[in-house]
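The structure under discussion is shown first.

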Amino acid sequence: MNIQNSSFSSIEQMTERLQSNKQSREAKGQTPIKEQKISFEQVFALKRQTQEGKLKFSKHANERLLHRNINLSESQLVRLETGAQKALEKGMKESLVLVDDLAFIVNVKNKTVVTAVNDKEERIFTNIDGAVIT
């Protein structure tokens with residue numbers, strides 16, 4: 001599975017995107033938005049908005065998805081994100097989120113999927129403080 005994360009990995013990338021959007025508007029002859037410098041606070045707030053509710057997949061999790069031939073549908077991904085949100089609301093830190101026959105260990109605070117297991121793997125999970133079945 002090839003997961004593309006639409007989040008920006010740095011403030012520089014966010015600033016570059018905002019500036020390129022401005023240049024694109026100007027090139028199309030659109031009236032530019034009031035000329036202003038983009039503050040760190042604005043960039044930070046925008047980055048937080050784009051990340052809310054979105055899960056990241058660690059390198060390890062991406063490798064597990066690939067090696068275990070796990071393909072998530074859009075609805076399964078939504079259910080995984082919903083499960084992670086429920087875990088956050090209950091105060092969990094490391095949660096097991098079950099979606100159909102797939103199991104995911106999620107670092108709830110960082111909104112990061114740490115690993116993924118399908119029904120063909122051994123079903124022993126350690127170092128979790130809760131489970132969510134979606």
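## Basis of the model

This is a predicted model, in which local features need pLDDT of at least 70 and side-chain atom pairs count only at pLDDT 80 or more, whereas totals for chains, interfaces and linings use all residues. Residues are numbered from 1 along each chain as its sequence is written, and side-chain values use heavy atoms, with hydrogens and water left out.

## The salt bridge

With a salt bridge taken as a side-chain nitrogen of Lys or Arg within 4 Å of a carboxyl oxygen of Asp or Glu, the count comes to one. The partners are D100 and R79, whose side chains meet at 2.9 Å, N to O. The pair links distant parts of the chain, 21 residues apart, since D100 lies in the loop between β2 (94–99) and β3 (102–107) and R79 belongs to helix α4 (residues 74–89). Helices (H or I, at least four residues) and strands (E, at least two) are DSSP runs, numbered from the N terminus.

Relative accessible area, computed with a 1.4 Å probe on protein chains only, separates buried (under 20%) from exposed (over 50%), with partly exposed in between. D100 is partly exposed at 49%, and R79 is partly exposed at 25%.

## Positive phi in two loops

Most residues other than glycine have a negative phi. N69, which is not a glycine, has a positive phi near 55 degrees; N69 sits in the loop between α3 (59–67) and α4 and is exposed, with a relative accessible area of 62%.

N127, also not a glycine, has a positive phi of about 60 degrees. Its place is the loop between β4 (112–117) and β5 (130–133), where N127 counts as exposed at 70% relative accessibility.
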